[in-house]
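Dear colleague,

I am passing on the structure below, and my notes on it follow. Please read them with the model open beside you.

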Amino acid sequence: MATVTGTRLTATAADDAYGPQGRSDWLSVDWHEHLRWASLSNATVNYVDVGEGPALVFVHGLTGCWQNWLENIPHFARSHRVIALDLPGFGFSPMPTEKISINGYAGVLDELLDELDIERAAVVGNSMGGFIGAELAIEYSTRVERLVLVSAAGLTTVEIHNDKALAMLRVAENVLAFGAAQIALRSDTLSRRARLRKVLMLVIAAHPDRLPARLTAEQVRGAGKPGFMDALEALGTYPLSDRLERIEAPTLVLWGEKDRLVPLRDADRFIEAIGANARKLVYDDTGHMAMLERPARFNADVESFLAEDDPAGETQ
């Protein structure tokens, strides 16, 4: 297994920087060397497997793909075995044989870890991926060593689904994002222009025009996949809030103060529902994808959390 190397920023730079600083480590990785396929009972999954050490799994959100974690995988692959997958129906993973559901996606993660002989793993999920990570920690609790919820869906997303007017608005937002993804074949060209980057990532990032063109292009290419509508429906119809107290794994709830998709108040709701095992971090001037918008700080904070003996408490 090839190793991934790179230079880490100082703590001060990690706290202050928006977006990647300098040349990103992922640009020097031969990703084809680390791409794998897994044939599971109800799905075929494309995933990245890189590094050695304790297992760490990254789970993307709606309209996402494994490339959502490009700024994070090389960092953690220095000390962990990192798995980042395309959920069935997204990225290069084909649609599953059964209808997409949150519980079904958690089952895919459980089966993939079994296939890879990984008994327990830390799980980091963004948006819908956080919802799935929480479900894995609830229904397959022995799999999850630690849990990181990054602007996780599952609370407000269910509530707005039950309010038709708000649900229509949220669907409209997502359909716009889906429509924009149809230009994925031209993503490299379009992402070179700051104004177009702003349009493509406006709902996702606080300052999309300040993100690098190549990083934006990789995010756009991951959207517009066949699992979108079924996954959107799954997000709004699967109950979570009354089961969060069953999460036993130490949990970090991490949010962007300017998240336009999932409101910041949901961070406190996750903390309250999960209980003493959960702590919170909120990043100022940050949107829905903290791992791309504040990658150095995100990597340092998650690394610190994974190394803690007792993560209980709250930091903001």
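Are H3 and H4 roughly parallel or roughly perpendicular to each other? They are roughly perpendicular, a term that covers angles of 65 to 115 degrees, whereas angles under 35 degrees count as roughly parallel, over 145 as roughly antiparallel and the rest as oblique. The two helices pack at an angle of about 70°, and their axes are 9 Å apart; the axes are lines fitted to C-alpha atoms, for helices over the stretch in contact, and angles run from 0 to 180 degrees between N-to-C directions. On the H3 side the residues that meet H4 include Ile-102, Tyr-105, Ala-106 and Leu-109, and on the H4 side Met-128, Phe-131, Ile-132 and Leu-136 are among those that meet H3.

Before the rest, a word on provenance. This is a predicted model, in which local features need pLDDT of at least 70 and side-chain atom pairs count only at pLDDT 80 or more, while totals for chains, interfaces and linings use all residues. Residues are numbered from 1 along each chain as its sequence is written, and side-chain values use heavy atoms, with hydrogens and water left out.

As for the chain overall, it holds 13 helices and eight strands, where helices (H or I, at least four residues) and strands (E, at least two) are DSSP runs numbered from the N terminus. Of its 316 residues, 56% are buried, buried being under 20% relative accessible area, exposed over 50% and partly exposed in between (1.4 Å probe, protein chains only). The accessible surface of the chain comes to about 13600 Å², and 50% of that belongs to carbon and sulfur atoms; the areas come from the Shrake-Rupley method with a 1.4 Å probe. If one takes the contacts (heavy atoms within 4.5 Å) between residues at least 6 apart in sequence, 76% of them join residues at least 24 apart.

The eight strands form an open sheet of mixed pairing, in the order S1-S2-S4-S3-S5-S6-S7-S8, with two strands taken as paired if DSSP finds at least two bridges between them. Strand S1 (35-39) and strand S8 (278-283) stand at the edges with a single partner strand each, so one side of each is left without a neighbour in the sheet. On average, neighbouring strands of this sheet are turned by 20° against each other, direction ignored. S1 pairs with strand S2 (residues 44-50) in the antiparallel sense over five bridges, and Ala-38 stands opposite Val-45 in S2.

Asp-86 and Asn-46 are 40 residues apart in sequence, yet their C-alpha atoms are 5.6 Å apart in space.

Turning to charged pairs, the count comes to 14 salt bridges, a salt bridge being a side-chain nitrogen of Lys or Arg within 4 Å of a carboxyl oxygen of Asp or Glu. One of them joins the side chains of Arg-78 and Asp-25 (2.6 Å, N to O). Arg-78 lies in the loop between helix H2 (73-76) and strand S4 (81-85) and Asp-25 in the loop between helix H1 (11-16) and S1, so this pair ties together parts that are 53 residues apart in sequence. Arg-78 is partly exposed at 34% relative accessible area, and Asp-25 is partly exposed at 22%.

A further salt bridge joins Glu-139 and Arg-243 (3.0 Å, N to O). With Glu-139 in helix H4 and Arg-243 in the loop between helix H10 (228-237) and strand S7 (251-256), the pair ties together parts that are 104 residues apart in sequence. Glu-139 is partly exposed, with a relative accessible area of 36%, whereas Arg-243 is buried, with 13%. Both belong to a network of salt bridges that links Glu-135, Glu-139, Arg-243 and Arg-246.

Lastly, two backbone angles deserve a look. Most residues other than glycine have a negative phi. Phi of Asp-117, however, is positive, near 60°; Asp-117 is found in the loop between H3 and strand S5 (121-126) and is exposed, with a relative accessible area of 72%. Phi of Ser-127 is likewise positive and near 60°, but Ser-127, in the loop between S5 and H4, counts as buried at 11% relative accessibility.
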